[in-house]
Amino acid sequence: MIQINGVTKNYGKEFKAVDNITLEIKDGEIFGFLGPNGAGKTTTLKMITGVTTLTAGDILINGKSIKTDDLGAKREFGFVPDSPDVLLRLKGYEYLNFIASIYGVPTEKRTAKIHELAERFEMLEALNDRLQNYSHGMRQKILIIGVLLHDPAVWILDEPLTGLDPKSSFTLKEMMREHARNGKTVFFSTHVLEVAEKLCDRIAIINHGKIIFVGTMDELKKHSEGNQSLESLFLELTDHE
Amino acid sequence: MNRMFLVAKTMYKNSGDIFSSLTMGKNKGKREVVMSPSKKASVLLLVLFIVGSLFFSMYTTGSALFGLAHDAGVMNEMLSIFIPVVLLMIGMFTLTLVTSFFFLSTDTNVFLPLPIKPEEIFFGRLIVSSINAFLIEAVMVVPLLVAYNVVIGPNVLIIFNQILFVVALPFIPLSITFLVALAIGRIFNVAKHKEAFSIIMSSVAILFILVLEFGLSSTAVETTTPDYLVIFADSIRGTASQLSFLEFFTSIPRAGLTDTTYVGTLNMLLFVLISVALVALSIVISKGFYMKTLIGNEDRGSKRKKSDIGKELSSETKTTRPYLNLVRSEWRGIVRSPTYIFNLLMPPVLVIVIMSFSMYGSLSAAGDEGTDILAQIAPMLQGAFSFHEGSTTFFAGAAVMFIASMTMISSTAISREGKNAFLIKTWPISPVIQMRAKLTIGTAITAVLLFVGFVAVGIIAQLNPIYMLMSFIPLIILLVVANYAMLLVDAAHPFLDWENETAAVKQNKNGLWGMLICWGIGIVFGGLGFLSLFARINAIWSFLIVTAAAVALLLWIEGSIKKKGPAVFKGIQ
């Protein structure tokens with residue numbers, strides 16, 4: 001579970017990137033985080049993952065505060081950034097072992113798990129290559145495998161489907177559903193409304209640093225006038241704020 | 001022609017031109033802005049100070065050498081050495097410039113699909129490389145020529161000839177290194193084996209350095225005369241005669257630098273012509289091969305290496321401790337990047353190799369005198385490195401700070417993570433462990449350097465092993481402190497928004513700040529050394545003082561990192 005309580009992030013005295021937002025992402029839920037460019041999505045994700053400090057409020061991940069127990073909170077989630085250009089000089093298996101060590105995955109478990117996940121994402125052949133030789137999609141997959149490796153209760157994914165081939169995209173979506181079915185949490189940002197519509201139990205829309213909608217897709221559609229598409233509804237909401 | 005300059009201008013801007021990188025800063029929103037006038041002035045003053053120091057040191061070296069050559073009547077021989085040496089010096093740098101601009105530039109893929117002629121790309125690269133070569137020449141060759149002028153008092157024609165010399169000079173090593181690189185590039189796939197290509201080119205550059213160093217240090221001559229001018233003249237004549245096989249070439253620019261008549265100018269124009277001819281040759285050959293080297297190679301496929309992943313994995317997973325994995329990942333990041341090998345690992349290694357070559361060259365050239373020199377040095381060292389002399393530990397502390405400043409491994413450790421450095425903040429590892437892992441490589445490399453120096457002094461002077469051990473411990477702790485200081489500078493203001501690894505280290509001001517901090521601490525230790533000369537304290541006391549100071553500093557640094565927690569990475573956003 002992720003609890004975001006009255007969180008604000010100021011840059012300088014004037015600019016509020018995130019303005020007093022409160023959200024609760026429950027266990028067993030796939031939660032989509034939507035918003036136009038510059039709305040505050042990335043800043044929010046950075047605050048949840050401990051990359052950026054909070055100006056006000058607090059964020060709890062499975063009850064652990066990112067402010068007061070940052071290491072405890074960090075052990076609860078796995079994070080995939082939007083740009084997968086990470087530790088490019090390492091080989092696939094070296095990267096995965098590195099991540100497994102950082103998150104304390106037992107030795108006996110990690111080899112089998114790496115095999116299993118690499119096979120599932122069709123990456124087994126590529127594990128002996130360096131990440132710098134991978135395509136964007138392959139880098140994305142190795143990062144996702146890294147997250148799945150330590151099996152965190154909370155998945156935080158920034159634009160996770162960008163660059164993935166259809167099969168991997170399908171696999172990841174299936175895994176997200178499976179993770180939620182197991183009573184765990186998936187929180188991800190996306191620009192693709194159709195993905196949010198098909199995948200998410202609930203969504204939040206952020207604009208100018210404020211949450212302008214939280215609820216299910218059906219609840220969002222109730223805002224529409226007649227047969228309005230999801231896209232035009234999203235544009236209407238974000239433009240009018 | 002305009003298009004050619006447009007291409008060159010774009011390439012230059014994209015390569016991160018030095019002038020704008022010095023005057024641009026970032027605001028809180030991480031947008032690039034022009035620095036405030038006061039900040040700009042202070043940065044420019046600092047750069048001016050460093051460039052001025054380099055210029056001055058080259059000038060004083062040149063002044064001493066040309067002054068002696070003039071007095072000893074060996075100016076012609078001196079110029080016969082000067083010309084190949086400056087060519088070799090500039091050649092060392094042009095090797096790196098040619099490798100990175102012509103062959104490994106990341107913007108090649110941007111220019112290839114555009115309707116630009118191959119020679120326009122070649123010219124663009126040549127102009128960008130030349131600008132950089134001229135900058136190097138301005139601090140390395142021009143001060144030597146100024147010193148030469150002060151000694152000989154030139155006429156207008158000689159100064160005109162020197163201008164021609166300075167303008168034409170870089171194009172000779174640039175063209176030669178381009179042709180060599182092109183030949184290597186034709187042998188194997190540059191696009192696919194960029195790292196191997198870079199390592200080969202770096203090795204050639206190192207070979208240049210060694211040839212230069214060994215050649216210059218091994219020309220001492222045996223002599224019984226106490227007249228230093230005679231010794232100097234003999235030594236210069238010896239070196240010049242070793243280089244006589246280049247006389248067919250060096251005689252041309254040498255005439256331009258010495259002959260005050262039109263004959264000198266004609267010779268210098270011939271030198272310019274050689275330079276132009278080499279560039280022309282490069283253009284002709286580049287038309288046929290340069291683009292093929294960049295494009296054609298992509299087509300040659302290679303089989304993916306088959307390997308036993310299970311075996312690799314089980315061997316990899318033997319190391320499970322986060323700290324060790326962090327260090328291992330840090331090490332792999334450095335040794336798998338030719339840029340980092342060349343810029344971070346090579347400087348301290350080269351110091352050892354060059355010093356060893358230089359010592360070996362000098363001692364072997366001196367023959368039996370070499371053994372005598374060592375025999376004379378040993379008692380001096382024994383006196384300095386003894387329990388009775390306390391100041392040596394402080395001076396060694398200053399030397400340690402200088403050694404620490406030789407590599408930018410720690411002062412760029414965070415910056416090298418690049419745009420995704422923020423990910424380290426998401427790992428459930430305490431900042432202290434992460435910081436320790438980050439400084440381990442820098443400390444270890446400089447510790448090896450210190451150890452080699454220590455053992456060398458110990459063997460020459462046959463020092464007391466207990467003394468050596470006692471002085472080594474505080475110095476190692478000091479090395480950790482120095483690396484921590486450099487790392488903290490980088491953590492506070494990391495340079496993450498770089499385009500390529502060369503920019504990550506070369507355009508990183510933290511490297512400079514880290515070096516200045518080490519020098520600052522080194523000056524303090526030097527000052528303490530002088531004070532202790534007057535205070536006449538023995539080595540036991542100085543060991544205790546330095547150890548206590550180093551441990552206190554270390555505890556204070558680690559304590560503040562623990563207290564700050566994740567805020568220690570505040571600069572990473």
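## A helix across a sheet in chain A

Let's start with helix α1 of chain A, residues 41-48, which lies across strands β1 (2-11), β2 and β4 of chain A. Its direction is about 120 degrees to that of β1(A). Please keep in mind as you look around that this is a predicted model.

The strands under discussion belong to an open sheet of four strands in chain A, with the order β2-β1-β4-β5 and antiparallel pairing. Which strands stand at the edges? They are β2 (15-25) and β5 (64-65) of chain A; each has a single partner strand, so one side of each has no neighbour in the sheet.

## Around strand β5 of chain A

Strand β4 of chain A, residues 56-61, pairs with β5(A) in the antiparallel sense over two bridges.

Over all chains, a search of the whole structure finds 20 salt bridges. As a general point, side chains of opposite charge can pair when their charged atoms come close.

## A sheet of six strands

Chain A also holds an open sheet of six strands, this one with mixed pairing and the order β6-β7-β8-β3-β9-β10. At its edges stand β6 (77-80) and β10 (210-215) of chain A, each with a single partner strand, so one side of each is left without a neighbour in the sheet. From one strand to the next, the twist averages 15 degrees.

Within this sheet, strands β7 (residues 154-158) and β8 (residues 185-189) of chain A run parallel and are joined by five bridges. Here V154(A) stands opposite T185(A) in β8(A). Helix α6 of chain A, residues 166-181, packs on the sheet and touches β3 (30-34), β7 and β8 of chain A. The direction of α6(A) makes about 150 degrees with that of β7(A).

## Where the two chains meet

How many residues does the contact take from chain B and from chain A? Chain B gives 36 residues and chain A gives 42 residues. The size of an interface is often given as the accessible area lost when the parts come together. For chain B and chain A, the area buried between them is about 3700 Å², with 58% of it on carbon and sulfur atoms.

Three salt bridges are found across the interface of chain B and chain A. E94(A) forms a salt bridge with R332(B), where the closest N and O atoms are 3.6 Å apart. Nine residue pairs are also found in polar contact across the interface. On the side of chain B that touches chain A, helices α14 (309-316) and α15 (322-335) of chain B each supply at least two residues. The most comes from α15(B), with seven residues. By type, the residues on that side of chain B divide into 12 nonpolar, 13 polar and 11 charged.

## A closer look at T440 in chain B

Our last stop is T440(B), which has its place in helix α19 (residues 431-461) of chain B. The side chain of T440(B) reaches the backbone oxygen of R436(B) at 2.6 Å. Leaving aside neighbours within four places in sequence, T440(B) is in contact with Y323(B) and V327(B).

Conventions. Residues are numbered from 1 along each chain as its sequence is written. Chains are lettered from A and ligands numbered from 1 in the order in which they are written. This is a predicted model: local features need pLDDT of at least 70, side-chain atom pairs count only at pLDDT 80 or more; totals for chains, interfaces and linings use all residues. Side-chain values use heavy atoms; hydrogens and water are left out. Contact means heavy atoms within 4.5 Å. Buried area is the accessible area (1.4 Å probe) that two parts lose on being put together, summed over both. A salt bridge is a side-chain nitrogen of Lys or Arg within 4 Å of a carboxyl oxygen of Asp or Glu. A polar contact is a pair of N or O atoms within 3.5 Å; within protein, one must be able to donate a hydrogen and the other to accept it, and residues adjacent in sequence count only if both atoms are side-chain atoms. Ala, Val, Leu, Ile, Met, Phe, Trp, Tyr, Cys and Pro count as nonpolar, Asp, Glu, Lys and Arg as charged, and the others, Gly among them, as polar. Two strands pair if DSSP finds at least two bridges between them. Axes are lines fitted to C-alpha atoms, for helices over the stretch in contact, and angles run from 0 to 180 degrees between N-to-C directions.
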